[in-house]
Structures are given as C-alpha cells and as structure tokens.
Amino acid sequence: MRFLPKSLGRRLLLVAAILYALVSLLSWIAINAAVERPARRAVDAQMETLTRELRGRWTTAQITGVFPSQFDLRDFHWSVSDARGEVYLSEVFEAEGIIAPELTGGEGAREVRTIASPIGELSVLQEVRAESLPALPGSGPSDPILVTYTVAISSARYEELIAERVDALRRAALGAFAGFGVLMLILIVILVALVLAPLRRLDRAAERYAEGESLKIDGQYPSEIQAVVENLNTSIDRNEKLVERTRRYIGKIAHDLKHPLAVTRNVLSHDGDPEIARSRLEAMGSMLDRYAQLATSIGPDGPHPALGVRPFLEGAREGFLLLYRSAPLAIDLDCPPDLTLRMAETDLDAIVANLMSNAHRHARSRILVTASRQGGHVRITVEDDGPGLTEEARRKAMSWGERLDTSAPGSGFGLAIVADQAALYAGDLMLERSERLGGLSASVTLPEV
C-alpha cells in the first residue's frame, strides 16, 4: 500500500486516527438521532407537571369556590371541565373562546394530540380523572366525578422547546464527547508507544549483534515478537554451523590437497609418468566434490517437510540400476510404506548414495537395502555380499581419505561423509558384518523427527 507511511508507528497512528474519526462520526450521528426523544419527553413531562398542578387548583376551587387566579404558565394554556358542567379556562382560552374537545374513554383516558384553534395549531395533553368532592359538614362522602384537564401549547412553540432542549443536550454531549476524545487520543498514543517499545528494543538488539557486541539477538519480548526473534536466532545458529563446517572443510581441503599437488608438481617438473599426474588430478577433483557436498549440507535446523523413506529408496535403487546397467546387481528393498523422516532431501540423498555406492563397489551379485522404525529413530541399512571388512578396516573406512581398495576409483571419503552427515542430525553410522549376505552391513540411525 503506497499511501501508507513507511514507519510502523505512523501507520498505527494513521489507522488509529481514521478509526477514531469514523467512530466519532458514527457516534455523533447516533447522538443526534437519540437526543430528540429525551427532549420531547422533557417537554411532555413539563405538560404532565402542569396537569398535576391543575388538579391541585381544581381541588382548591372546590373548597373555596374560587379558582386561583395567580397561575402563570408562560407558553402554556389550560382548561378544566367536570361532569357537572363547570369549566375553568386560562385567559387566552377564555378570550378566544377555545374549548378543547372532550376525551372519550372515561376515567384514566389520556391523549397527546394536535388540534386546530383560532390562535393556530395547538399541541394538547388531556387527561380524565375521577375526583372526589370535599365532604360537607354533617354529610357523608359524595360520589367521584370525572374531571378533564387540558394543557395546550402552540405547536410551533412546542417544537421550539424541543429544539432548545435538543441543542442543550447536544452541547452537553459535545462537551463529554470532546473530553472522551482527548482521553481516547491519549490512550491511543500510549498504546502505540507500548507497541513500538519492544520493536525499538529489538532494533537496538539487532544493532548490538551487527556491531559484534552480542552473538545473538538478545532480550525478552512479547510472545509474537519473541517467536520472530527465536526464528532469527535459529537462522543465525544454522548459518554459524554452516560457516564453521565450511571453514573446517576448507582447512581439510588445504591439508589434503598438499600431497597430491606436490606429487603432480614433481611429475610435471621432472617429466614423470603423466598417468600418475592424471590420477592425482582425478583424486583431487573427487575430493573437492565430496567436500563441497558436505559444506552445503543443510542439517537438521531447516524447516523440513516429512519425507517418505520408501519412495526415496525406490528412486535411489532405480537410479543405481540405470547407472550401472552394464554391470547389473540385484538390489532388494525392504521398507514399510508409512516410514517418514524430517530432513533435507539432499542430505538423505548424500547418505543413501554413498552407502549404496560403497556397497555396489564391493558387492559380488546382490545388495539389500532395509529401513525400519526403532524407538523414535529410523534405521537405514545397506548390506552387500562382498568380502566384508575386518574390525580395523571398518575403523579406517570412516576416517577421512582412507582408501581400503585402491583398485577402484573414488576418494575414500564415502563412509566418512555418511558418518559426518549423520552426526549433523544427531545420528550415527555403524559398520558390521552382514549376517544375511556375508559382506559389509552399513547402518545409519537418524531421529524420525
């Protein structure tokens, strides 16, 4: 998204500001829609209060015979009428001769409505109550009579009063909303600072690592960032191991190339046998290939998918049968179909290829490849029907550059490579006498996961 700033902090502030503005707009719309109802209720409540006041004045009039004249209702007009035909009117109603229509429904009837009048449209609240007349001395209580109380106001003024209260409620809501908005902005800034704080610490830790002050990305972080840090440290460890292995192999290459280079130089300088020089060059090329293979081994730290062992071994067998079709051998395979390993395919290929190549070099007619699961480990065994090896010869076979059979081409590194790559995965290589075929049995044990 090109419109977003590059800084994560600015992105968070921008998103927070947009969300805050959107929420504020929707909230303000909701407040505007909500304040009219309580404002209307407030005006209606004022009319109900005046109705109760009229009831008190009607009772006073029944005792004194005179309706109280001091009754200033400002914008409101009123009337009181009872079932006996007595009617009391406000000055405006009396002057204009306005008589509000009677309610139907008897006691308890109540209605808010709009009526036409000589002074314009009126908003009217009417209630019908059953009132008891004051008892005369020496007489019993009289029967209640129905009294209709009417409070009216100009419809235009009624809407103006509602609008005034709406404005008052809006101002109050705006003040509260502004205070709440300031608080929310402060909280957003604090939240962004809290989110960025571990990232800043991570940046400083990365600088320390880049400057050589630490060997890894150090520090403790929230779980989401800690997972990234652990992955980075895992990659650092993996790269360090790869570099260390490469350095070790470069040192071995430098050491192991000195003798064949000296032999080749001596042959070329003194017109010696060119076949000796050629054989030494071929040996050096094979040596470089093997070291390069080891130096680029991935090892167990990579994110490896589950690798089916049987399909892999079947592919290796078909490859050897095709490669050595001029000198065919029987290659048998025994492996359960559900056996899996989590390792780099190139590493497993190097292990199997070297074991099968070594067996093919010494076998007379048959090679047996088996794989099985043994207590959380996978054991891959390659056996041949060749002459086998003595115990001393087995030890030398896993040493760097020890060639037990100089008549066949090769560098003498095959089994040493297998042992080294198995060790990368906390596995091992074991050389024994094959009980089934009589030759050498080479077994590699690797963790299943």
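A residue is called buried when its relative accessible area is under 20%, and exposed when that area is over 50%. The model is predicted, and every value discussed here is computed from it.

Q: How do you know that the end-to-end distance of α6 agrees with its number of residues?
A: The expected span is 1.5 Å times one less than the number of residues. For the 15 residues of α6 (309–323) this should come to 21 Å, and because the end C-alpha atoms are 21 Å apart, the two values agree.

Q: What does the corresponding calculation give for α7?
A: The 18 residues of α7 (345–362) should span 26 Å, and the end C-alpha atoms are 26 Å apart, so here too the distance agrees with the expectation. Among the residues of α7 that are buried are Leu348, Ile351, Leu355 and His360.

Q: Why is the pair formed by Phe67 and Trp78 called stacked?
A: Two rings pair if their centres lie within 6.5 Å, and they count as stacked if their planes are under 30 degrees apart. Phe67 and Trp78 are 5.0 Å apart centre to centre, with 20° between the planes, so by the cut-offs for pairing and stacking they form a stacked aromatic pair. Phe67 lies in the loop between α1 (8–64) and β1 (76–82) whereas Trp78 lies in β1, so the pair ties together parts that are eleven residues apart in sequence. The structure holds two aromatic pairs, and ring pairs link Phe67, Trp78 and Tyr88 into a cluster.

Q: How do you know whether Phe67 and Trp78 are buried or exposed?
A: The relative accessible area is 12% for Phe67 and 7% for Trp78. Since buried means under 20%, both residues are buried.

Q: Why can β1 be described as largely enclosed by the rest of the structure?
A: Seven of the seven residues of β1 are buried, which is why the strand is described as largely enclosed. Phe76, Trp78, Val80 and Asp82 point one way from β1, while His77, Ser79 and Ser81 point the other way, and all are buried.

Q: What makes β5 and β2 pairing partners of β1?
A: Two strands pair if at least two bridges are found between them. β1 and β5 (residues 145–154) have seven bridges, in the antiparallel sense, and Trp78 stands opposite Val151 in β5. β1 and β2 (residues 87–89) have three bridges, also in the antiparallel sense, with Tyr88 in β2 as the bridge partner of Val80. β1 and β2 form a hairpin with four residues between them, and Gly85 in the turn has a positive phi of about 95°.

Q: Why does Glu131 count as buried, and what does its side chain join in a polar contact?
A: Glu131, which belongs to β4 (residues 122–131), has a relative accessibility of 9%, and because this is under 20% the residue counts as buried. A polar contact of 2.9 Å joins its side chain to that of Arg55, and this distance is within the 3.5 Å cut-off. Leaving aside neighbours within four places in sequence, Glu131 is in contact with residues including Arg55, Trp58, Pro144 and Tyr149.

Q: Why is Ala426 called exposed, and where does it lie?
A: The relative accessible area of Ala426 is 63%, and since this is over 50% the residue is exposed. Ala426 lies in the loop between α9 (414–424) and β11 (428–433), and its phi is near 60°, a positive value in a residue other than glycine.

How values were computed. Residues are numbered from 1 along each chain as its sequence is written. This is a predicted model: local features need pLDDT of at least 70, side-chain atom pairs count only at pLDDT 80 or more; totals for chains, interfaces and linings use all residues. Side-chain values use heavy atoms; hydrogens and water are left out. Helices (H or I, at least four residues) and strands (E, at least two) are DSSP runs, numbered from the N terminus. Buried means under 20% relative accessible area, exposed over 50%, partly exposed in between (1.4 Å probe, protein chains only). A polar contact is a pair of N or O atoms within 3.5 Å; within protein, one must be able to donate a hydrogen and the other to accept it, and residues adjacent in sequence count only if both atoms are side-chain atoms. Contact means heavy atoms within 4.5 Å. Rings of Phe, Tyr and Trp (its six-membered ring) pair if their centres lie within 6.5 Å; planes under 30 degrees apart count as stacked, over 60 as edge-to-face and the rest as tilted.
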